[in-house]
Amino acid sequence: MTDTIGWTIPEWLTAQRESSSEDAIARIISLVSTYKKDDVAMITIADEEFLRKQWAELQSIPNCKDLPLYGVPFAPKDNIDVAGLPTTVACPAFKYEPEKDAEVIKTLKAAGAIPVCKTNMDQFATGLVGTRSPYGIVPSALSDLHCAGGSSSGSSNVVARGLVPFSLGSDTAGSGRVPAMHNNLIGLKPSKGALSATGVVPACRELDCVSIFAQNLPDSREVFGIVAKYDPADAYARPLPEKMLNSFGPRPRLAIPDVPQWFTDTQNDPLWKQAVAEFQALGVELVPSDFTPMYRLGACLFEGPWVAERYTVVRKIIENDPDAMDPTVRKIIGSATKFSAADKFDWEHLRRDLVREIETKFADCDGFLVPTAPMSPTIAEIQADPFGPNFNQGTYTNFVNFSDLAALAIPAGFRSEDRMPFGVTLISRKHTDYALLDLAQRYLGPKSRKIGALEKVTIPHKTDIVPPLPAEKDAGRSINVAVVGAHLKGLPLHYQLEDVKAEFVSSTTTSPNYKLYALKNTAPAKPGLRRVPEGGSEVALEIYSVPIARFGEFVALIPSPLGIGSIELKDGTWIKGFICEEVGYLDAADVSSFGGWKAYLASI
């Protein structure tokens, strides 16, 4: 049987579709037979009977070879139910036999995929290190001395070793991103509610996300496109917008930490600076910023009462059989008892205040670029201090789900001394998952990089190039609209664009043939854009794609003397956008010299 270690999804698909049914299942059985029972990355390994049963169910689907994941093996984290395999959440005393698959497993199996094992994890998904499991400490696939990251330690390790082409983790505070860095992988942390959590043992239900580990960007996108499916049975699920943002445009604007926090680490900073320079070379505008609000928000997750959500899951064990728990996990979750109901509201109000501060401060940014984690701790360092390094590892991850953001962790080189991988994470607003993948391919696409812990490298301009999405069902049913004033990101009327499901396209300017005026007696303050034959200048604007079905609703909100007309952009193309009737310019102040409405507002 051909060696399948390190195969990607397309490689598995090609082989399985070209094989007989018996040869295809034999290939999976052969792969699983190489898994060792004492492999600390796995808690349960599927036996041949289980695999053949899954295969028979797959073969009962009409035209099953046409399925997008036909015969592709994968590994779910052991907090995700798979009927026929036990769920332990890395706690033997919690172990149970699920009667049905989690919704994400059901969806993947319907697409042709075959679960082959359940992976190890930090107990009850509490940790970012991968050392808090009675089933063994999971090391990085690239170093037996360093931790794999957690809590999705096993899921990242098996993909990095090429044992499966993709795996599922979960991410509450970074568990789908930190392990991706430590194992040199892609870690996709989707928008909250995009993937069903039905059948997933929760950590914090309001924050939990099922995450995806893969070797490359196209495989990540393929799996996301399949499992991002609204589940009405999940109270925290949210349907994706009819139109997803596919790109941030040619010149995204991302905030980066002005003074990155590395704690005791000395090897990651040079790689961070290199990544920053490479993104800038791609035309990405990076804005050094004070990340204090994000650091404060992230600290709330374990310093505040949100640990009580974890307590609700383990209540019976922690109250009746506490010794059955990992002592570090028990201490963290047990701290929930010190909080009162009133404390919960105090902390929630603080959280909302910090989220609003972040939203306001970074309203003119498309997102963030951050180190995935500040450190690459050894297992010995974690054992010497089970709390400090773990807490520090959440510096750039803990705030993300609290802020309702999407994130994508990607590789960014290797450290000079221990050769551990480093990584950066792209973060943006909810439902920008595809746009994050597009930006990541601009960075990774031209590179030749090592894949996981394998002896294989990516092919420049091929391996990490994400194919165009299929023709959108709403193609031709949206219209681009340029806004120059109160509808800009962060300004009072921007919500009107959000209400009609408009998607940000890009930031640019008009041609140098316009003047901008501050209109009198408008609330909130609004400008008027006027095309002039001479003496004009470029005016900053933002372009949004407005669904045609909602366009009339949006236009109906526009008061006199404003309206929608045609605007010439600096590249010579024309677009629909906000213009002003002549009467509006009477006694209005010419503010064109500021270059845009935001700059003018900042001056007054």
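Reader: Where is Pro524 found, and what kind of peptide bond joins Ala523 and Pro524?

Author: Pro524 sits in the loop between strand E17 (514–518) and E18. Helices (H or I, at least four residues) and strands (E, at least two) are DSSP runs, numbered from the N terminus. The bond that joins Ala523 and Pro524 is cis, with omega about -5°. This is a predicted model, in which local features need pLDDT of at least 70 and side-chain atom pairs count only at pLDDT 80 or more, while totals for chains, interfaces and linings use all residues. Residues are numbered from 1 along each chain as its sequence is written, and side-chain values use heavy atoms, with hydrogens and water left out.

Reader: What is the omega of the peptide bond from Ser560 to Pro561, and where does Pro561 lie?

Author: Omega is near 10°, and the bond from Ser560 to Pro561 is cis. Pro561 belongs to the loop between helix H18 (548–555) and strand E20 (562–568).

Reader: What is noted about the phi of Phe124?

Author: Phe124 is not a glycine, yet its phi is positive, about 55°. Phe124 is placed in the loop between strand E4 (117–119) and strand E5 (139–140).

Reader: What is the hand of the crossing of H10 and H11, and which residues meet?

Author: H10 passes H11 in a left-handed crossing (the near helix is turned anticlockwise from the far one by less than a right angle; clockwise would be right-handed). Val307, Arg310, Tyr311, Val314 and Ile318 of H10 meet Arg330, Ile332, Ile333 and Gly334 of H11, contact being heavy atoms within 4.5 Å. By class, this contact of H10 with H11 has six nonpolar, one polar and two charged residues. Ala, Val, Leu, Ile, Met, Phe, Trp, Tyr, Cys and Pro count as nonpolar, Asp, Glu, Lys and Arg as charged, and the others, Gly among them, as polar.

Reader: What is the hand of the crossing of H2 and H3?

Author: The crossing of H2 and H3 is right-handed. The axes of helix H2 (residues 21–33) and helix H3 (residues 48–59) come within 10 Å and cross at roughly 145°. Residues of H2 in the contact include Ala24 and Ile28, and those of H3 include Leu51 and Trp55.

Reader: What makes a space a cavity, and how many does the search find?

Author: On a 1 Å grid over the protein atoms alone, a cavity is a set of points where a 1.4 Å probe fits but cannot get out, and a pocket is an open set with protein on both sides within 12 Å along at least five of seven lines; lining residues have an atom within 4 Å of a point. Grid points are joined across faces, edges and corners, and a volume is the space filled by probe spheres set on the points. The whole structure has two cavities of 30 Å³ or more. The largest cavity has a volume of about 100 Å³, and 14 residues line it, with Ala486, His487, Pro527, Leu562 and Phe578 nearest its centre. E18 gives the most to that lining, with three residues. The second largest cavity holds about 30 Å³, and its lining has six nonpolar, no polar and two charged residues.

Reader: What is the volume of the largest pocket, and which residues are closest to its centre?

Author: The volume is about 1400 Å³. Of the 43 lining residues, Glu359, Arg429, Lys430, His494 and Glu498 are closest to the centre of the largest pocket. H12 gives the most to this lining, with seven residues. By class, the lining of the largest pocket has 20 nonpolar, eight polar and 15 charged residues.

Definitions and conventions:
Axes fitted to C-alpha atoms, helices over the stretch in contact; angles between N-to-C directions.
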